[in-house]
Amino acid sequence: MANNNKKNNKMSLEEAGKKGGNTTARNHDQEFYEDIGQKGGEARSRQRKNNGNS
């Protein structure tokens, strides 16, 4: 499948994710990742609370 993508000049989902992740890492610092991690943890906590889980 990966060879087929190369023939069509298309990148795989894995390649696209890696490319995007690398670009994000170049454009943001550690504080950015701390902030989004904090927001994600808070959102997950709200989800668990709303579903009746602790």
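**Notes on the predicted model**

1. The chain contains 3 helices and 0 strands, and, when it is read along the sequence, the elements follow the pattern α-α-α.

2. As to burial and surface, buried residues account for 4% of the 54 residues in the chain, where buried means under 20% relative accessible area. The chain exposes about 5100 Å², and carbon and sulfur atoms supply 47% of that area.

3. Most residues other than glycine have a negative phi. N9 is placed in the loop between α1 (2-7) and α2 (13-27), and because its relative accessibility is 76%, which is over the 50% cut-off, N9 counts as exposed.

4. How many aromatic pairs are there in the chain? The count comes to 1 aromatic pair. The rings of F32 and Y33 have centres 5.2 Å apart and planes at 85°, so this pair is edge-to-face, given that planes over 60 degrees apart are classed in that way. Both partners fall between the burial cut-offs of 20% and 50%: F32 counts as partly exposed because its relative accessibility is 26%, and Y33 is likewise partly exposed, with a relative accessible area of 37%.

5. A negative surface patch is formed by D29, E31, E34 and D35. Of these residues, D35 lies in helix α3, which spans residues 30-50, and it is partly exposed, with a relative accessible area of 38%.

Definitions and conventions:
Residues are numbered from 1 along each chain as its sequence is written. This is a predicted model: local features need pLDDT of at least 70, side-chain atom pairs count only at pLDDT 80 or more; totals for chains, interfaces and linings use all residues. Side-chain values use heavy atoms; hydrogens and water are left out. Helices (H or I, at least four residues) and strands (E, at least two) are DSSP runs, numbered from the N terminus. Buried means under 20% relative accessible area, exposed over 50%, partly exposed in between (1.4 Å probe, protein chains only). Accessible areas come from the Shrake-Rupley method with a 1.4 Å probe; for residues, only the protein chains shown count as cover. Rings of Phe, Tyr and Trp (its six-membered ring) pair if their centres lie within 6.5 Å; planes under 30 degrees apart count as stacked, over 60 as edge-to-face and the rest as tilted. Patches are made of residues with over 30% relative accessible area and no salt bridge: like charges are joined within 9 Å, nonpolar side chains (Val, Leu, Ile, Met, Phe, Trp, Tyr) within 5 Å. A salt bridge is a side-chain nitrogen of Lys or Arg within 4 Å of a carboxyl oxygen of Asp or Glu. Lys and Arg count as positive and Asp and Glu as negative; His and the chain ends are not counted. The place of a charge is taken as NZ of Lys, CZ of Arg, CG of Asp or CD of Glu.
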